[in-house]
Structure formats: structure tokens, C-alpha cells
Amino acid sequence: MQEIKREDLIAKAAQLLADGTVDRVIGWKKGEFDYDVTPAVFTSKEELESEFVWNDFCGANFSKYLRKEADKTESKVMAFLKPCDTYSFNQLLTEHKFDREKVYVVGIPCNGMLDDSKIKERANGISSVSEENGKVVVDTLYDGKITLERAEVLAERCANCKSKKHAAYDELLGEEGEVLDSARFDEVEKLEAMTADERFAFWQNELSRCIRCNACRNICPACTCEKCVFDNPASGVENKAISDSFEEKMFHIIRAFHVAGRCTDCGECSRVCPQNIPLHLLNRKFIKDMNEFYGEYQAGAEVGSRAPIVDFTTEDIEPCDAVERGGENA
Amino acid sequence: MRKISLDKINQLFAEISSKSSLYIPVDTAAGAKFEKYDGTKTMSDALNTVRSAKDFFFPQTENMVDFKVEGKNIEIVEPVNEYEDFVVFGVRACDVKSFEILDRVFLADPVDNFYKNRREHGIIVSMACTKPAETCFCGTFGIDAASPAGDIVCHKTDDTLYLDAKTEKGAQLLDSLNALTEETDSSAVDAQKAKTAEIMKKLPLAGLDASAFGADKTMEFFNAPEWKELSEACLGCGTCTFVCPTCQCYDIKDFSTGHEVKRFRCWDSCMYSDFTRMAHGNIRNSQLERFRQRFMHKLVYYPTNNEGIFGCVGCGRCLAKCPINMNIVKVMKKLGGNK
Ligand code: SF4
Ligand code: SF4
Ligand code: SF4
Ligand code: SF4
Ligand code: SF4
């Protein structure tokens, strides 16, 4: 359950629309089922009251929409941002993707979002999802009510939330949280402890499922190229063909390199992947390495910071040291 | 109708796979998936595989021909085609119906020989559904989940598998398994069908009605203002098209490996920005137009060209997999006056 209420969010949005601060609001819109929620633009209190939702399934990050909306008109758009969303927001500003003045950010606290695919693994024929006494209650067509612990069905990124503190806002609703000491690198450590062959087999198995739908790229706040190289037929890459297993891995490795230092670890790529590929592990490996080689760095923690790999200082690690370190684990 | 105890299902699989390749749905960490039976695999009870069964006949990527260049000679090398027979076991009613939709495209003149070849060599053993998901709406398109089409139709109860041959190919295969199965009447199957029919009525999407759409309705929907709102959040990722059993668009390209040219074909998606790129430019420049194409194709264009048959089978995959939860049901409700 989220501690801040839907009514409070609607009241805030309605007030900002009424006093002319903004003329549209980016929020989440209800769907067919309790767990399906779509990002949408609202322009009136009536629309908000009939279709706006704020529940445990509002995971979608608005970065891609903000970028599009902010460019549309001279007036301001309002967005509700959860703590993790604000990191993406700052990162986009760092890269000058839109004008800060065009967006009014209302920061909202978040208790973590649920992963509908985890619920579906445990419940068949879902008619409703609700919360009772801190537990998730799923009403099903076949097995009646099923009660699940929140922790079992919490989204991976939320179980390993890096911060409940907002990195940006114009106004904050509810209580501000803290930057957390998350366990997000534990899985990466397990991969590092593998032999090179084991690790190769792990990624081979994961990446071979990729259907190259590009959802991971299209949702990614750090993938903001106007035209992706993989969409350019003149580049010589045959994106849609998945021509061989080597090329398949290259797409992911190239993408991971390209977002290294800019990836805020928002977790959207893993959330949207229809094939459940743990893409966050690639990104977190980069983040962990950067932290170890160059000192702690969190993309999007503030606007304008330079990622270690695009910034040179004389204290930087020598390439040979990095190679040696890689060698140890190979 | 024949039956076999579920305890003996592995014997059945072993027997089938001794004669031809057999694919069964198996559970994996990433959801159900068709895999080749190798004596160790267990059949999944999952409703639908994550990827649809169209992959068997229309794979995501395939090599059509190679051109080998040596000096001034160009040698044309036809890739080895799979002429082997195969059996796909456990296909759901929606996916079986999708083959009919694909047939109308690939087997119409000019016939697609790659597809035809696989169709001829494939035997479909379908499996009736007993526990449809909340996202299933096959009934909207007149598909009966309890009585799928297929060469052999199966019904599974707690302890028994019932098999009924529907085509000559199916009868041949089923006859060859007579040593393992025994003759039975259809009472258990009929009881199951009646039970499933009751469940189908209670599904959340049971009332979804497609009758507003269909042949020759292009102008009624093409310029509808609702497309703007519907397509607003679409990421253009193409997930919906790649998981869809009836999406059929492909791209053919030549790829130079340096010493030869490979001509391949791969799935394409109307959701992609380069899908309609032509010499003069692109005719669909906005995501609204691309998004509209996908749903108009399923609900209007396909029926227009195919005697009113819809291009969607209600499998619900696009409902389950779209990253922003936009899908054909929402489109139908918004445009077609469904509640
Ligand atoms: S979202 Fe998943 S399946 Fe799609 S391209 Fe990315 S990794 Fe591949
Ligand atoms: S790579 Fe994944 S985690 Fe990183 S910013 Fe992009 S979507 Fe978010
Ligand atoms: S459009 Fe959606 S529901 Fe219809 S067949 Fe395709 S994936 Fe299934
Ligand atoms: S859509 Fe119908 S046939 Fe397909 S899995 Fe669901 S109930 Fe079965
Ligand atoms: S409708 Fe959904 S799955 Fe299809 S392209 Fe748009 S965002 Fe992707």
C-alpha cells in the first residue's frame, strides 16, 4: 500500500491546473485489471477523477513522455515523480534533453511497487488485487482468495531500492525518505564469483531469449538518441535479423556500454522485458565497477555531474590495473 | 476417441519422438516455452507459451538464399530446408486458429514455399483450455477454447489424456500410438467442455464484442480522434507484434558477409519507424499512424481482405506483455462502444 492517497494526488494536480501553474499532468491511468496501468496525460480534474490511478502498480517511469511533452508547448507540464524517477529526471536534464522550466515536479513517496508477473506466477485467473493488513490479496477465478506477502511479489528494483529520497522536485507531498544502503550488487557479486565459462553460459542462456523487441531500449531514460544506430539500415547492423548469437549479445553489450555512467539503475529495462532477461545485472556490473575504480558515483543524483568515464582526473585508475583486476576474476 | 493415463504420458512422448521431432511446452524461469522433447522434459500446464506457436512455421529470422561470389562467378546456394516431419504438442485453441489466419496470407498466391513446407511437415496436437486467464478473449472471435482445432485434439483431466484425431494426418499419428492408448467414449470430455463453457462466461473480457469492427469499416475508424489518446503512451517497441501469433509482417534484406551475400527474412513490425520507409521517404511518420495500423489491420483490413475473419485470436499476449499496458482490448473498448 502507498501511504500517500490517490485523492491527495488528484487534489494537488487539480489545484495546479486550476491556478494555471501547469496545463497538463502526466500520471498513471487505470486499465482493464487492477494491475495494468498506462502512463497518460490529463488536462482536467474530471479526467483525473475518472481515470487517474495511484496504486502498487504505478512503476512506469515518465522520462520518455516528459521529454516529448516538455517540447510540445510553451506552458508547463506537471509530473508525479517517485524517488527513483527523479534520478532519471536529473540525468535527462544533465544531458539537456528538455527545459527544466517546462516541468513542474511533484515528488511523491513510494513504498515499492509490485511486479504483476510475480503475482501471475502465483495466481491464476486474477479478478482483483487489493491489500489487507499489509498483505497482497489476490482474488482469483479458480482458487478463491490468495494471500501473498508483499516481499514475495515486490518488483526486483524495489526490493533493492537505492533511495527513498527525491533527487529533484518543485514540491513534495508526504515525507521525504533517505538514500538507502541497498543490496543491489549482491547478484553482481555472484556473477563475478563465477568462472568466465560459467558467466558466459549464464549470459548465453539469458540473452538467447531476446526477441529484439527493443522495449528495453525504448523505455530507457538513458537511451535518448534521436535515431538509434540499431535502427539505421545504413549502419550495417541488422537489428531485426538477430543474424547470429554473437550479434545478439553485441546489442546488449553495446547498449550497456552506451548507458554506462548515465544509467541511473531505474530498472525499467528489466521491468519491460517480455522475456524476463535480467538486464539490470549488466548495468549494475558497470555501476559497481565505476564505484570501485573511480569512487562512488550515482547518475542523476544531481544535475550536471560528470560521469567518471567521461571525466578525466589524474587520480584515475590506470588501465593496466583495471585489466589486472579483471584478470583475477576471469 | 482414444485415452491414455497421464502416468504414461512420457511413453507417449517417447513413441512420438522416435518417429519425428516432438515439441512440447515446458516451464522455464522465464515462462512456458516450446522445447524439443528429449526424454527428460515434462509438459507444462501453463495456459500459453510466452512466444506464440507461429515460430514453428514462420520463424523470427530465416535464410532464404546465399550468393557466393568467386571472381566473376556468382553461385546461388539454396539453404537446406527442413523437410523433416515434426509434431507440436499442446497448442491452445487461439494459437491453432492463428495458423488459419497465417495460411490465408502465406498460402495465398504467390505461395510462400518456406511457410508451406513447414506447414506440410508439421502436425498440430492441440490442447483444450480448462483455466483461461483473465486476459483471454478468444470467445470474442468465435473460438471455443474447450474445442480447439488441430490434427489431433487433446483434453486433459486430472489423471487422463483424451486424444481425438480430426484430420488424416492426425489419424495416422494417433493410429500409430494404438499400442499405448485405449478406445473410450467422449463423456469425460463432454463434461469438461461444459464446465469450461461456464468459466468462459465468467471471464472479465467475456462480453467483449467485435461486431462494430470488420470488413469495409476503414473510413469509420481511420480518422477517429481516439487514436491520439490510445497511442499517446506507445513506445513503438514492437513487443506486441513479436509475441502476437497472427502478426505476419516481415522484411527481406541482403546482408554482405564480405565473401558472400545472405538474403534473409526476419519479422518486422508496423510499430517501427523504418517499417514503411521507401525510396521517397516514409508514409507513416508518427507513432499514432503506426499504432493505428496494427489495430486497424487486425480489426478492419484483415477482415476486409478475408471474408470478415478478424486478424486477432484473443490470446491475450499483447495484454500481458505491452510495457505500457496498451492493447487491442482497450482499442476495441474505446472505439467500438464496448463497455
Ligand atoms: S526488452 Fe528484452 S526481449 Fe526486448 S530487446 Fe530488450 S532484452 Fe530483448
Ligand atoms: S539501462 Fe535500464 S536501469 Fe539503466 S537507465 Fe536505462 S532503463 Fe534504467
Ligand atoms: S493482437 Fe494481441 S490478443 Fe490478438 S492475437 Fe495478437 S497478441 Fe493475441
Ligand atoms: S485465449 Fe482462449 S484458447 Fe487461448 S489460451 Fe486463452 S482460453 Fe485458451
Ligand atoms: S502497443 Fe505496447 S507493446 Fe506495442 S509497440 Fe506500443 S508500447 Fe510496445
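**Exercise 1. The sheet in chain A**

Task: Determine which strand order the open sheet of 3 strands in chain A has, and which strands stand at its edges.

Solution. 
Step 1. In this predicted model, the open sheet of chain A contains 3 strands in the order S6-S7-S8, and the pairing is antiparallel.
Step 2. Strand S6 (126-132) and strand S8 (145-149) of chain A each have a single partner strand, so they stand at the edges and one side of each has no neighbour in the sheet.
Step 3. From one strand to the next, the twist averages 25°.
Step 4. The pairing can then be followed in detail. Strand S7 (residues 135-140) of chain A is joined to S6(A) over 6 bridges, in the antiparallel sense. As an individual example, Glu131(A) has Val136(A) in S7(A) as its bridge partner.
Step 5. The strands of a sheet pair through backbone hydrogen bonds, in either a parallel or an antiparallel manner.

**Exercise 2. Two domains of chain A**

Task: State into which domains chain A is divided, and describe the interface of domain 1 and domain 3 of chain A.

Solution. 
Step 1. The division of chain A gives domain 1 (6-112 + 160-172), domain 2 (117-148) and domain 3 (186-329).
Step 2. Between the C-alpha centres of domain 1 and domain 3 of chain A the distance is 27 Å.
Step 3. The contact involves 19 residues of domain 1 of chain A and 23 residues of domain 3 of chain A. Together these two domains bury about 1600 Å², and carbon and sulfur atoms give 50% of that area. On the side of domain 1 of chain A, Lys64(A), Gln91(A) and Lys162(A) supply 30% of the area buried against domain 3, more than any other three residues.
Step 4. The polar side of the interface is considered next. There are 2 salt bridges between domain 1 and domain 3 of chain A, and 14 residue pairs are in polar contact.
Step 5. Helix H3 (63-70) and helix H4 (83-94) of chain A each contribute at least two residues to the side of domain 1 that touches domain 3 of chain A. H4(A) gives the most to that side, with 8 residues.
Step 6. A salt bridge of chain A may also be examined by itself: the side chains of Arg262(A) and Glu95(A) meet at 2.9 Å, N to O.

**Exercise 3. The interface of chain A and chain B**

Task: Find how many residues of each chain are in contact, and which element of chain A gives the largest share of the side that touches chain B.

Solution. 
Step 1. Counting contacts gives 42 residues in chain A and 49 residues in chain B.
Step 2. The area buried between the two chains is about 3800 Å², with 52% of it on carbon and sulfur atoms. Within chain A, the residues that lose the most area to chain B are Glu32(A), Tyr142(A) and Lys240(A), which together account for 19% of what that side buries.
Step 3. The interface of chain A and chain B holds 3 salt bridges and 20 residue pairs in polar contact.
Step 4. Four elements of chain A each supply at least two residues of the side that touches chain B: strand S2 (37-42), H3, helix H10 (215-219) and helix H12 (268-272). The largest share comes from S2(A), with 5 residues.
Step 5. A salt bridge links Lys29(A) to Glu229(B), and their closest N and O atoms are 2.4 Å apart.

**Exercise 4. Two domains of chain B**

Task: Describe how domain 1 and domain 2 of chain B meet, and name the element that gives the largest share of the side of domain 1 that touches domain 2.

Solution. 
Step 1. Chain B is divided into domain 1 (2-201) and domain 2 (218-336). Their centres, taken over C-alpha atoms, are separated by 25 Å.
Step 2. In domain 1 of chain B, 39 residues are in contact with 37 residues of domain 2 of chain B.
Step 3. About 3300 Å² is buried between these domains of chain B, 58% of it on carbon and sulfur atoms. Ile101(B), Arg104(B) and Phe141(B) supply 19% of the area that domain 1 of chain B buries against domain 2, more than any other three residues.
Step 4. The count between the two domains of chain B is 6 salt bridges, and 18 residue pairs are in polar contact.
Step 5. Strand S4 (61-70), helix H2 (93-106) and helix H3 (113-121) of chain B give two or more residues to the side of domain 1 that touches domain 2 of chain B. The largest share of that side, 10 residues, comes from H2(B).

Notes: Residues are numbered from 1 along each chain as its sequence is written. Chains are lettered from A and ligands numbered from 1 in the order in which they are written. This is a predicted model: local features need pLDDT of at least 70, side-chain atom pairs count only at pLDDT 80 or more; totals for chains, interfaces and linings use all residues. Side-chain values use heavy atoms; hydrogens and water are left out. Two strands pair if DSSP finds at least two bridges between them. Axes are lines fitted to C-alpha atoms, for helices over the stretch in contact, and angles run from 0 to 180 degrees between N-to-C directions. Domain bounds come from an automatic or database domain assignment. Contact means heavy atoms within 4.5 Å. Buried area is the accessible area (1.4 Å probe) that two parts lose on being put together, summed over both. A salt bridge is a side-chain nitrogen of Lys or Arg within 4 Å of a carboxyl oxygen of Asp or Glu. A polar contact is a pair of N or O atoms within 3.5 Å; within protein, one must be able to donate a hydrogen and the other to accept it, and residues adjacent in sequence count only if both atoms are side-chain atoms.
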